[in-house]
Amino acid sequence: MDTTSFNFPTDTRVGSGVISQLNETRLSLGIHRPLVVTDSGLLETDAFKRLAAALLPGEPERDWFLHSDVQPNPTEANTRGAAELALANGCDGVIGLGGGSALDAAKVCRILIKQPQLKLADYDWEADWSGLLPFIAIPTTAGTGSEVGRSGVVTPDGGESKGMYFHPELLAKCVFLDPELTTGLPPGLTAATGLDALTHCIESYTSPVFQPLCDGIALEGIALIVRALPAAITDGSDLEARGRMLVAAAMGGVAFQKDLGATHSLAHPLSAICGVHHGTANAICLPPVMRFNAQKKPGVYRRIGLACGLDVVSCSDADADEQTIHFIDDFIRRCGMPPSLEEVGVEDQHIEALANQAWLDPCHQTNPVPVTREDLKELFLKAL
Ligand SMILES: NC(=O)c1ccc[n+]([C@@H]2O[C@H](COP(=O)([O-])OP(=O)(O)OC[C@H]3O[C@@H](n4cnc5c(N)ncnc54)[C@H](O)[C@@H]3O)[C@@H](O)[C@H]2O)c1
Ligand SMILES: [Zn+2]
(Lines give C-alpha, C1' and ligand atoms only; values in the text may rest on other atoms or scores of the structure.)
(Ligands and ions follow the chains in the order given, each with its own letter.)
Protein backbone atom coordinates (compact mmCIF):
# COMPACT_ATOMS: atom_id res chain seq x y z
CA MET A 1 0.00 0.00 0.00
CA ASP A 2 1.31 3.50 -0.86
CA THR A 3 1.81 5.83 2.07
CA THR A 4 -0.53 8.78 2.40
CA SER A 5 -1.95 11.05 5.12
CA PHE A 6 -5.43 12.09 6.18
CA ASN A 7 -6.29 15.36 7.91
CA PHE A 8 -9.73 16.77 8.84
CA PRO A 9 -8.90 19.36 11.44
CA THR A 10 -11.16 22.42 11.21
CA ASP A 11 -13.16 23.49 14.28
CA THR A 12 -16.64 23.99 12.75
CA ARG A 13 -19.66 25.55 14.55
CA VAL A 14 -23.01 24.73 12.96
CA GLY A 15 -26.57 26.00 13.45
CA SER A 16 -29.01 28.90 13.34
CA GLY A 17 -27.61 31.88 15.25
CA VAL A 18 -24.21 30.29 15.87
CA ILE A 19 -22.60 33.53 14.65
CA SER A 20 -23.30 34.90 18.16
CA GLN A 21 -20.25 32.90 19.33
CA LEU A 22 -17.95 34.87 17.02
CA ASN A 23 -16.73 37.50 19.47
CA GLU A 24 -15.83 35.01 22.17
CA THR A 25 -14.11 32.80 19.61
CA ARG A 26 -12.01 35.50 18.01
CA LEU A 27 -10.86 36.74 21.43
CA SER A 28 -9.96 33.18 22.43
CA LEU A 29 -7.81 33.02 19.28
CA GLY A 30 -6.04 36.22 20.38
CA ILE A 31 -7.73 38.33 17.69
CA HIS A 32 -8.30 41.81 19.15
CA ARG A 33 -8.13 43.90 15.95
CA PRO A 34 -9.61 41.78 13.16
CA LEU A 35 -9.69 42.70 9.50
CA VAL A 36 -13.06 41.71 8.03
CA VAL A 37 -12.80 40.85 4.33
CA THR A 38 -16.03 40.69 2.35
CA ASP A 39 -17.38 41.84 -1.02
CA SER A 40 -19.29 45.06 -1.50
CA GLY A 41 -22.46 43.19 -2.52
CA LEU A 42 -22.72 41.85 1.01
CA LEU A 43 -22.58 45.17 2.84
CA GLU A 44 -26.35 45.73 2.58
CA THR A 45 -27.28 42.17 3.49
CA ASP A 46 -28.53 40.76 6.76
CA ALA A 47 -25.46 38.53 6.82
CA PHE A 48 -23.16 41.54 7.17
CA LYS A 49 -25.42 43.18 9.76
CA ARG A 50 -25.38 40.02 11.83
CA LEU A 51 -21.60 39.83 11.63
CA ALA A 52 -21.27 43.47 12.72
CA ALA A 53 -23.68 42.84 15.62
CA ALA A 54 -21.79 39.71 16.65
CA LEU A 55 -18.47 41.58 16.70
CA LEU A 56 -19.69 44.41 18.87
CA PRO A 57 -21.56 43.13 21.89
CA GLY A 58 -21.47 46.22 24.06
CA GLU A 59 -18.06 47.44 22.93
CA PRO A 60 -17.71 51.23 23.25
CA GLU A 61 -15.63 51.54 20.09
CA ARG A 62 -15.35 49.50 16.94
CA ASP A 63 -12.12 47.50 17.07
CA TRP A 64 -12.36 45.88 13.66
CA PHE A 65 -11.55 47.04 10.15
CA LEU A 66 -13.34 46.45 6.87
CA HIS A 67 -12.07 45.64 3.38
CA SER A 68 -14.93 45.15 0.93
CA ASP A 69 -13.14 45.67 -2.37
CA VAL A 70 -13.31 42.06 -3.52
CA GLN A 71 -14.68 41.21 -6.93
CA PRO A 72 -16.21 37.89 -8.00
CA ASN A 73 -13.22 35.75 -9.04
CA PRO A 74 -10.87 37.86 -6.87
CA THR A 75 -7.59 39.36 -8.02
CA GLU A 76 -4.19 39.93 -6.42
CA ALA A 77 -5.03 43.65 -6.27
CA ASN A 78 -8.07 42.80 -4.09
CA THR A 79 -5.86 40.85 -1.68
CA ARG A 80 -3.15 43.53 -1.68
CA GLY A 81 -5.70 46.19 -0.73
CA ALA A 82 -6.79 44.01 2.19
CA ALA A 83 -3.19 43.43 3.29
CA GLU A 84 -2.37 47.15 3.19
CA LEU A 85 -5.38 47.98 5.37
CA ALA A 86 -4.45 45.25 7.86
CA LEU A 87 -0.84 46.48 8.07
CA ALA A 88 -1.87 50.12 8.43
CA ASN A 89 -4.12 49.24 11.38
CA GLY A 90 -2.09 46.58 13.15
CA CYS A 91 -4.67 43.87 12.57
CA ASP A 92 -3.96 40.59 14.33
CA GLY A 93 -6.40 38.29 12.56
CA VAL A 94 -8.61 38.02 9.47
CA ILE A 95 -12.33 37.20 9.31
CA GLY A 96 -13.69 36.28 5.88
CA LEU A 97 -17.42 36.76 5.29
CA GLY A 98 -18.97 35.83 1.98
CA GLY A 99 -18.91 33.36 -0.84
CA GLY A 100 -15.78 31.72 -2.21
CA SER A 101 -14.53 35.02 -3.64
CA ALA A 102 -14.44 36.86 -0.30
CA LEU A 103 -13.22 33.80 1.61
CA ASP A 104 -10.39 33.17 -0.84
CA ALA A 105 -9.34 36.84 -0.80
CA ALA A 106 -9.42 36.79 3.02
CA LYS A 107 -7.45 33.56 3.19
CA VAL A 108 -4.79 34.60 0.69
CA CYS A 109 -4.30 38.24 1.81
CA ARG A 110 -2.53 36.84 4.89
CA ILE A 111 0.40 35.90 2.65
CA LEU A 112 0.83 39.55 1.64
CA ILE A 113 0.33 40.77 5.21
CA LYS A 114 3.25 38.60 6.22
CA GLN A 115 5.45 39.51 3.24
CA PRO A 116 4.10 42.70 1.62
CA GLN A 117 7.07 43.04 -0.71
CA LEU A 118 6.32 39.74 -2.44
CA LYS A 119 4.05 39.00 -5.38
CA LEU A 120 1.67 36.08 -5.10
CA ALA A 121 3.46 34.47 -8.05
CA ASP A 122 6.56 34.17 -5.80
CA TYR A 123 4.67 31.88 -3.45
CA ASP A 124 4.83 28.13 -3.91
CA TRP A 125 4.96 25.01 -1.75
CA GLU A 126 8.64 25.66 -0.89
CA ALA A 127 7.97 29.19 0.47
CA ASP A 128 7.86 29.92 4.22
CA TRP A 129 4.15 29.66 5.09
CA SER A 130 4.60 29.90 8.86
CA GLY A 131 3.30 32.84 10.91
CA LEU A 132 0.23 33.77 8.85
CA LEU A 133 -2.42 35.66 10.85
CA PRO A 134 -5.22 33.46 12.27
CA PHE A 135 -8.25 33.20 10.01
CA ILE A 136 -11.97 32.70 10.75
CA ALA A 137 -14.20 31.73 7.81
CA ILE A 138 -17.91 32.52 7.63
CA PRO A 139 -19.53 31.39 4.36
CA THR A 140 -22.68 33.12 3.10
CA THR A 141 -23.07 30.83 0.09
CA ALA A 142 -23.29 27.04 0.33
CA GLY A 143 -21.00 25.99 -2.47
CA THR A 144 -17.27 26.35 -2.73
CA GLY A 145 -16.26 24.74 0.57
CA SER A 146 -13.41 27.28 0.68
CA GLU A 147 -14.08 27.67 4.41
CA VAL A 148 -12.62 24.22 5.13
CA GLY A 149 -10.12 24.14 2.27
CA ARG A 150 -6.37 24.65 2.18
CA SER A 151 -6.44 26.58 -1.07
CA GLY A 152 -7.38 30.04 -2.25
CA VAL A 153 -8.16 30.87 -5.86
CA VAL A 154 -6.94 34.35 -6.86
CA THR A 155 -5.93 35.73 -10.27
CA PRO A 156 -2.34 37.01 -9.94
CA ASP A 157 -1.23 40.44 -11.21
CA GLY A 158 -0.84 40.34 -14.98
CA GLY A 159 -2.22 36.79 -15.14
CA GLU A 160 -4.99 35.70 -17.46
CA SER A 161 -5.74 32.50 -15.61
CA LYS A 162 -6.58 31.88 -11.98
CA GLY A 163 -3.80 31.04 -9.54
CA MET A 164 -4.34 28.41 -6.87
CA TYR A 165 -2.45 29.04 -3.61
CA PHE A 166 -2.32 25.87 -1.61
CA HIS A 167 -0.93 25.11 1.84
CA PRO A 168 -2.27 23.65 5.13
CA GLU A 169 -1.22 26.93 6.85
CA LEU A 170 -4.01 28.66 4.87
CA LEU A 171 -6.70 26.70 6.76
CA ALA A 172 -9.17 28.58 8.93
CA LYS A 173 -8.83 28.20 12.71
CA CYS A 174 -12.60 28.20 13.05
CA VAL A 175 -15.60 28.05 10.70
CA PHE A 176 -19.15 29.26 11.39
CA LEU A 177 -21.90 27.58 9.35
CA ASP A 178 -24.93 29.69 10.21
CA PRO A 179 -27.92 29.20 7.88
CA GLU A 180 -29.37 32.56 8.89
CA LEU A 181 -26.52 34.19 6.96
CA THR A 182 -27.53 32.52 3.68
CA THR A 183 -31.27 33.26 3.59
CA GLY A 184 -30.72 36.40 1.47
CA LEU A 185 -28.94 34.52 -1.32
CA PRO A 186 -31.20 34.70 -4.42
CA PRO A 187 -32.50 31.46 -6.00
CA GLY A 188 -30.15 31.62 -9.03
CA LEU A 189 -27.01 31.90 -6.88
CA THR A 190 -28.37 29.35 -4.40
CA ALA A 191 -28.66 26.91 -7.29
CA ALA A 192 -25.32 27.71 -8.92
CA THR A 193 -23.32 27.54 -5.68
CA GLY A 194 -25.14 24.38 -4.54
CA LEU A 195 -24.30 22.71 -7.85
CA ASP A 196 -20.64 23.65 -7.36
CA ALA A 197 -20.82 21.68 -4.10
CA LEU A 198 -22.45 18.77 -5.93
CA THR A 199 -19.68 18.83 -8.55
CA HIS A 200 -17.03 18.78 -5.78
CA CYS A 201 -18.60 15.67 -4.26
CA ILE A 202 -19.00 13.86 -7.61
CA GLU A 203 -15.53 14.70 -8.90
CA SER A 204 -13.75 13.91 -5.65
CA TYR A 205 -15.59 10.58 -5.27
CA THR A 206 -14.67 9.50 -8.81
CA SER A 207 -11.04 10.65 -8.63
CA PRO A 208 -8.84 7.53 -8.69
CA VAL A 209 -6.74 8.67 -5.68
CA PHE A 210 -6.99 6.31 -2.66
CA GLN A 211 -8.82 8.35 0.00
CA PRO A 212 -11.78 6.36 1.39
CA LEU A 213 -12.49 8.95 4.14
CA CYS A 214 -13.16 11.58 1.49
CA ASP A 215 -15.16 9.04 -0.55
CA GLY A 216 -17.58 8.48 2.33
CA ILE A 217 -17.92 12.21 2.95
CA ALA A 218 -18.52 12.87 -0.77
CA LEU A 219 -21.32 10.28 -1.02
CA GLU A 220 -23.13 11.65 2.05
CA GLY A 221 -22.65 15.18 0.67
CA ILE A 222 -24.42 14.12 -2.55
CA ALA A 223 -27.28 12.56 -0.58
CA LEU A 224 -27.74 15.81 1.38
CA ILE A 225 -27.58 18.06 -1.70
CA VAL A 226 -30.10 16.19 -3.86
CA ARG A 227 -32.61 16.47 -1.01
CA ALA A 228 -31.88 19.95 0.40
CA LEU A 229 -30.98 22.05 -2.65
CA PRO A 230 -34.45 22.13 -4.31
CA ALA A 231 -35.99 23.19 -0.97
CA ALA A 232 -33.36 25.93 -0.46
CA ILE A 233 -34.04 27.26 -3.98
CA THR A 234 -37.83 27.19 -3.61
CA ASP A 235 -37.93 28.75 -0.14
CA GLY A 236 -34.82 30.75 0.71
CA SER A 237 -35.92 31.10 4.32
CA ASP A 238 -36.04 27.32 4.95
CA LEU A 239 -33.32 27.23 7.63
CA GLU A 240 -33.26 23.43 7.76
CA ALA A 241 -32.51 23.19 4.00
CA ARG A 242 -30.08 26.13 4.16
CA GLY A 243 -28.25 24.51 7.08
CA ARG A 244 -28.01 21.14 5.35
CA MET A 245 -26.63 22.85 2.24
CA LEU A 246 -23.97 24.65 4.29
CA VAL A 247 -22.88 21.37 5.85
CA ALA A 248 -22.95 19.58 2.47
CA ALA A 249 -20.85 22.34 0.87
CA ALA A 250 -18.28 22.05 3.66
CA MET A 251 -18.32 18.26 3.12
CA GLY A 252 -17.62 18.87 -0.58
CA GLY A 253 -14.70 21.09 0.44
CA VAL A 254 -13.31 18.39 2.73
CA ALA A 255 -13.90 15.69 0.09
CA PHE A 256 -11.99 17.51 -2.60
CA GLN A 257 -8.88 17.53 -0.46
CA LYS A 258 -8.67 14.25 -2.37
CA ASP A 259 -8.88 15.96 -5.76
CA LEU A 260 -11.21 17.11 -8.54
CA GLY A 261 -11.69 16.23 -12.21
CA ALA A 262 -12.13 17.49 -15.76
CA THR A 263 -15.30 19.52 -15.04
CA HIS A 264 -13.27 21.88 -12.88
CA SER A 265 -10.57 22.16 -15.56
CA LEU A 266 -13.29 23.36 -17.93
CA ALA A 267 -14.87 25.68 -15.33
CA HIS A 268 -11.70 27.56 -14.32
CA PRO A 269 -11.01 29.10 -17.78
CA LEU A 270 -14.72 29.74 -18.30
CA SER A 271 -14.55 32.11 -15.31
CA ALA A 272 -11.14 33.57 -16.19
CA ILE A 273 -11.78 34.17 -19.91
CA CYS A 274 -15.56 34.54 -20.17
CA GLY A 275 -16.49 35.65 -16.63
CA VAL A 276 -18.95 32.79 -16.10
CA HIS A 277 -19.81 32.18 -12.42
CA HIS A 278 -17.83 29.17 -11.15
CA GLY A 279 -20.84 27.12 -10.05
CA THR A 280 -22.78 27.88 -13.23
CA ALA A 281 -19.79 26.78 -15.34
CA ASN A 282 -19.59 23.50 -13.43
CA ALA A 283 -23.33 22.90 -13.68
CA ILE A 284 -23.27 23.26 -17.48
CA CYS A 285 -20.12 21.18 -18.00
CA LEU A 286 -20.78 18.34 -15.53
CA PRO A 287 -23.23 16.21 -17.64
CA PRO A 288 -21.03 16.13 -20.79
CA VAL A 289 -17.99 15.22 -18.66
CA MET A 290 -19.97 12.45 -16.92
CA ARG A 291 -21.04 11.03 -20.31
CA PHE A 292 -17.41 11.10 -21.52
CA ASN A 293 -16.17 9.35 -18.36
CA ALA A 294 -18.91 6.71 -18.30
CA GLN A 295 -18.17 5.72 -21.90
CA LYS A 296 -14.54 4.95 -20.98
CA LYS A 297 -15.08 3.58 -17.46
CA PRO A 298 -18.48 1.86 -17.26
CA GLY A 299 -19.96 1.71 -13.77
CA VAL A 300 -18.04 4.74 -12.52
CA TYR A 301 -21.27 6.46 -11.37
CA ARG A 302 -23.17 3.52 -9.80
CA ARG A 303 -22.53 4.51 -6.16
CA ILE A 304 -23.34 8.12 -6.96
CA GLY A 305 -26.68 6.89 -8.33
CA LEU A 306 -27.26 5.03 -5.05
CA ALA A 307 -26.46 8.21 -3.08
CA CYS A 308 -29.07 10.00 -5.22
CA GLY A 309 -31.62 7.38 -4.14
CA LEU A 310 -31.75 5.51 -7.47
CA ASP A 311 -32.28 1.74 -7.56
CA VAL A 312 -29.13 0.89 -9.53
CA VAL A 313 -27.76 -1.97 -7.38
CA SER A 314 -28.31 -4.82 -9.79
CA CYS A 315 -28.49 -3.27 -13.26
CA SER A 316 -25.61 -3.34 -15.75
CA ASP A 317 -22.75 -0.84 -15.42
CA ALA A 318 -23.94 1.00 -18.52
CA ASP A 319 -27.51 1.21 -17.23
CA ALA A 320 -26.38 2.41 -13.77
CA ASP A 321 -24.33 5.20 -15.37
CA GLU A 322 -27.13 6.09 -17.79
CA GLN A 323 -29.72 6.42 -15.01
CA THR A 324 -27.36 8.40 -12.78
CA ILE A 325 -26.32 10.83 -15.51
CA HIS A 326 -29.95 11.30 -16.54
CA PHE A 327 -30.86 12.07 -12.89
CA ILE A 328 -28.02 14.61 -12.47
CA ASP A 329 -28.73 16.27 -15.83
CA ASP A 330 -32.42 16.57 -14.97
CA PHE A 331 -31.60 17.78 -11.42
CA ILE A 332 -29.41 20.57 -12.83
CA ARG A 333 -32.21 21.65 -15.20
CA ARG A 334 -34.76 21.56 -12.35
CA CYS A 335 -32.46 23.86 -10.36
CA GLY A 336 -32.94 26.37 -13.21
CA MET A 337 -29.45 26.35 -14.69
CA PRO A 338 -28.93 27.53 -18.29
CA PRO A 339 -28.71 24.54 -20.64
CA SER A 340 -25.60 25.61 -22.58
CA LEU A 341 -22.46 27.73 -22.50
CA GLU A 342 -23.87 29.76 -25.38
CA GLU A 343 -26.60 31.01 -23.02
CA VAL A 344 -23.96 32.49 -20.70
CA GLY A 345 -22.10 34.36 -23.44
CA VAL A 346 -19.48 31.84 -24.56
CA GLU A 347 -18.81 31.87 -28.30
CA ASP A 348 -17.06 29.64 -30.83
CA GLN A 349 -14.16 32.10 -30.99
CA HIS A 350 -13.35 31.44 -27.29
CA ILE A 351 -12.94 27.68 -27.63
CA GLU A 352 -9.23 27.48 -28.54
CA ALA A 353 -8.16 29.74 -25.66
CA LEU A 354 -10.48 27.87 -23.29
CA ALA A 355 -9.03 24.51 -24.36
CA ASN A 356 -5.45 25.76 -23.92
CA GLN A 357 -6.12 26.92 -20.36
CA ALA A 358 -8.16 23.85 -19.45
CA TRP A 359 -5.28 21.65 -20.59
CA LEU A 360 -2.86 23.52 -18.31
CA ASP A 361 -5.26 23.28 -15.35
CA PRO A 362 -4.18 20.45 -13.00
CA CYS A 363 -7.66 19.21 -11.96
CA HIS A 364 -8.12 16.90 -14.97
CA GLN A 365 -5.06 14.91 -13.91
CA THR A 366 -7.29 13.15 -11.38
CA ASN A 367 -10.25 12.70 -13.70
CA PRO A 368 -11.42 9.06 -13.54
CA VAL A 369 -10.15 8.58 -17.10
CA PRO A 370 -7.25 10.42 -18.80
CA VAL A 371 -8.17 13.35 -21.04
CA THR A 372 -6.25 15.02 -23.87
CA ARG A 373 -6.37 18.65 -24.93
CA GLU A 374 -8.55 17.57 -27.86
CA ASP A 375 -10.97 15.83 -25.46
CA LEU A 376 -11.26 19.05 -23.43
CA LYS A 377 -11.93 21.04 -26.60
CA GLU A 378 -14.61 18.52 -27.64
CA LEU A 379 -16.20 18.79 -24.20
CA PHE A 380 -16.37 22.59 -24.51
CA LEU A 381 -18.02 22.19 -27.93
CA LYS A 382 -20.55 19.70 -26.51
CA ALA A 383 -21.40 22.10 -23.67
CA LEU A 384 -21.63 25.09 -26.06
N1 LIG B 1 -10.95 27.90 -2.37
C2 LIG B 1 -11.66 26.91 -2.87
O3 LIG B 1 -11.50 25.81 -2.46
C4 LIG B 1 -12.67 27.21 -3.94
C5 LIG B 1 -13.48 26.18 -4.43
C6 LIG B 1 -14.41 26.48 -5.43
C7 LIG B 1 -14.52 27.77 -5.91
N8 LIG B 1 -13.69 28.75 -5.42
C9 LIG B 1 -13.77 30.14 -5.90
O10 LIG B 1 -14.90 30.76 -5.27
C11 LIG B 1 -15.41 31.79 -6.12
C12 LIG B 1 -16.90 31.62 -6.29
O13 LIG B 1 -17.52 31.72 -5.03
P14 LIG B 1 -19.12 31.69 -4.87
O15 LIG B 1 -19.67 30.76 -5.86
O16 LIG B 1 -19.41 31.45 -3.45
O17 LIG B 1 -19.57 33.14 -5.34
P18 LIG B 1 -19.01 34.62 -4.95
O19 LIG B 1 -18.27 34.59 -3.67
O20 LIG B 1 -18.31 35.15 -6.15
O21 LIG B 1 -20.38 35.40 -4.70
C22 LIG B 1 -21.30 35.60 -5.76
C23 LIG B 1 -22.24 36.75 -5.44
O24 LIG B 1 -23.11 36.36 -4.36
C25 LIG B 1 -23.25 37.45 -3.45
N26 LIG B 1 -23.59 36.87 -2.14
C27 LIG B 1 -22.85 36.01 -1.41
N28 LIG B 1 -23.51 35.66 -0.31
C29 LIG B 1 -24.69 36.31 -0.33
C30 LIG B 1 -25.82 36.34 0.56
N31 LIG B 1 -25.90 35.59 1.67
N32 LIG B 1 -26.86 37.14 0.22
C33 LIG B 1 -26.85 37.87 -0.92
N34 LIG B 1 -25.80 37.87 -1.80
C35 LIG B 1 -24.75 37.09 -1.50
C36 LIG B 1 -21.91 38.15 -3.49
O37 LIG B 1 -22.01 39.49 -3.07
C38 LIG B 1 -21.53 38.03 -4.96
O39 LIG B 1 -22.06 39.10 -5.69
C40 LIG B 1 -14.64 31.70 -7.42
O41 LIG B 1 -13.61 32.67 -7.44
C42 LIG B 1 -14.04 30.30 -7.37
O43 LIG B 1 -12.85 30.18 -8.13
C44 LIG B 1 -12.79 28.48 -4.44
ZN1 LIG C 1 -15.75 24.28 -7.56
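Q: Buried or exposed: which is Asn-73?
A: A residue is buried if 20 or more other C-beta atoms, placed from the backbone, lie within 10 Å of its own, exposed if 12 or fewer, and partly exposed in between. Asn-73 counts as buried because it has 20 C-beta neighbours inside 10 Å. This is a predicted model: local features need pLDDT of at least 70, side-chain atom pairs count only at pLDDT 80 or more, and totals for chains, interfaces and linings use all residues. Residues are numbered from 1 along each chain as its sequence is written, while chains are lettered from A and ligands numbered from 1 in the order in which they are written.

Q: What is the phi of Asn-73?
A: Most residues other than glycine have a negative phi. Asn-73, not a glycine, has a positive phi of about 60 degrees. Asn-73 sits in the loop between β3 and α3 (76-88). Asp-259 also has a positive phi, about 160 degrees. Its place is the loop between α7 and α8 (262-274). Asp-259 is buried, because 20 other C-beta atoms lie within 10 Å.

Q: How many helices and strands does the protein have?
A: Both are DSSP runs numbered from the N terminus: helices are H or I, at least four residues, and strands are E, at least two. The protein has 13 helices and 8 strands. Buried residues make up 52% of its 384 residues.

Q: In what order do the strands of the open sheet run?
A: Two strands pair if DSSP finds at least two bridges between them. Here 6 strands give the order β1-β8-β5-β4-β2-β3, with parallel pairing. β1 (11-14) and β3 (65-67) are the edges; each has a single partner strand, so one side of each lacks a neighbour in the sheet. From one strand to the next, the twist averages 20 degrees. Angles run from 0 to 180 degrees between N-to-C directions, and axes are lines fitted to C-alpha atoms, for helices over the stretch in contact.

Q: Which strands does helix α7 touch?
A: Contact means C-beta atoms, placed from the backbone, within 7 Å. Helix α7 (residues 239-255) packs on the sheet and touches β1, β5 and β8. Its direction makes about 145 degrees with that of β8.

Q: How many residues surround ligand 1?
A: A residue is near a molecule if its C-beta atom, placed from the backbone, lies within 6 Å of it. For ligand 1 there are 32, the closest being Gly-41, Gly-99, Gly-100, Ser-101 and Ser-146. α4 gives the most to this shell, with 4 residues.

Conventions. Contact = placed C-beta atoms within 7 Å.
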